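Let's walk through this model together, one region at a time. Keep the sequence beside you and turn the view as you read.

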Amino acid sequence: MKLWLLQINDESDKQIIESNLLEKEFQNTNNTEIKLLKLLEKFEEEKGFLEPLKLEDLAIKLGTNRTTLSGILNEHKDNFLNYINKLRINQLLTDLTIDLELRNKTISELSELYGFVNEKTFSTHFKKITGLTPSYFIKQLEFNN
C-alpha cells in the first residue's frame, strides 16, 4: 500500500482541501440543510447563543421553520437544547480561562450573562458538560494560576 504525503503550501491550498472535505461530509445533504448549517456556523461565530433563545426564535432568524430547523439540529447537532447549552458552556469555559475578572462574578450573574434562564439550569448543564460544578471549576482555575 502506498502512502501519500500531502503538503499544504499556502492558505489557498488549505481552503481547497477544507472545501473538498466539507463537500464529502455533506454529500448526502440537500441544499436547504447545507444553507442552514452554514447559517448555524455564522450564528455560532456571532455568538447569538448567548441571548435567551427558543427554537422558534432561531428558526425565524435563519429564515426557516421550526420543524425544518429541529430536524437539522437533531441530525447534525444533537438537539436544540443540548446544542445551545453546549455552545454557551464552551464559551464560558473559554472566557473563564482568559478573563480573570469574570471569575469574580456570582453563579447567578454568569448564568444570566451566558443566556441561561436561571442558575439551577445553568449549573445542571455546566456539570453535565464538564463533570464539575461552576464554582468548583472556577476554584480550580484560581488554584492553578
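A residue is called buried when its relative accessible area is under 20%, exposed when it is over 50%, and partly exposed in between, using a 1.4 Å probe and protein chains only. Please keep in mind that this is a predicted model, in which local features need pLDDT of at least 70, side-chain atom pairs count only at pLDDT 80 or more, and totals for chains, interfaces and linings use all residues. Residues are numbered from 1 along each chain as its sequence is written, and side-chain values use heavy atoms, with hydrogens and water left out.

Start with the overall layout. The chain has eight helices and zero strands, so that reading along the sequence gives the pattern α-α-α-α-α-α-α-α; here helices (H or I, at least four residues) and strands (E, at least two) are DSSP runs, numbered from the N terminus. Of the 145 residues in the chain, 30% are buried. A contact means heavy atoms within 4.5 Å. Among the contacts in the chain with a separation of 6 or more, 56% come from residues 24 or more positions apart.

Now look at how some of these helices cross. Axes are lines fitted to C-alpha atoms, for helices over the stretch in contact, and angles run from 0 to 180 degrees between N-to-C directions. Angles under 35 degrees count as roughly parallel, over 145 as roughly antiparallel, 65 to 115 as roughly perpendicular and the rest as oblique. The axes of helix 3 (residues 55–62) and helix 4 (residues 66–76) come within 9 Å and cross at roughly 100°, and the two helices are therefore roughly perpendicular to each other. On the helix 3 side, Leu 55, Glu 56, Leu 58, Ala 59 and Leu 62 take part, meeting Arg 66, Leu 69, Ser 70 and Leu 73 of helix 4. The residues of this contact divide into six nonpolar, one polar and two charged. In that count, Ala, Val, Leu, Ile, Met, Phe, Trp, Tyr, Cys and Pro are nonpolar, Asp, Glu, Lys and Arg are charged, and the others, Gly among them, are polar.

Helix 4 also meets helix 2. Their axes come within 11 Å and cross at roughly 75°, which makes helix 2 roughly perpendicular to helix 4. Helix 2 contributes Thr 32, Glu 33, Leu 36, Leu 37 and Leu 40, while helix 4 contributes Thr 68, Leu 69, Ile 72, Leu 73, Glu 75 and His 76. The residues of this contact divide into six nonpolar, three polar and two charged.

Next, turn to the aromatic rings. Rings of Phe, Tyr and Trp (its six-membered ring) pair if their centres lie within 6.5 Å; planes under 30 degrees apart count as stacked, over 60 as edge-to-face and the rest as tilted. A search of the whole structure finds four aromatic pairs. In one of them, Phe 116 and Phe 122 sit edge-to-face, 5.2 Å centre to centre with 65° between the planes. Phe 116 counts as buried at 5% relative accessibility, and Phe 122 is buried at 0%. Another edge-to-face pair joins Phe 126 and Phe 137, at 5.7 Å centre to centre and 70° between the planes. This pair links distant parts of the chain, with Phe 126 in helix 7 (residues 119–130) and Phe 137 in helix 8 (residues 134–144), eleven residues apart. Phe 126 and Phe 137 are both buried. Ring pairs link Phe 116, Phe 122, Phe 126 and Phe 137 into a cluster.

What surrounds this cluster? Arg 88 lies over the face of Phe 116, at 5.3 Å from the ring centre; a charge sits over a ring if NZ of Lys or CZ of Arg is within 6 Å of the ring centre and within 35 degrees of the ring normal. Ser 111, in helix 6 (residues 107–113), is in contact with Phe 116, Asn 118, Glu 119 and Phe 122, leaving aside its neighbours within four places in sequence. Ser 111 counts as buried, at 2% relative accessibility.

Finally, visit two loops. Most residues other than glycine have a negative phi. Lys 47, though not a glycine, has a positive phi of about 60°. Lys 47 lies in the loop between helix 2 (31–45) and helix 3 and is partly exposed at 37% relative accessibility. Asp 78 also has a positive phi, near 85°. Asp 78 is found in the loop between helix 4 and helix 5 (80–98) and counts as partly exposed at 48% relative accessibility.
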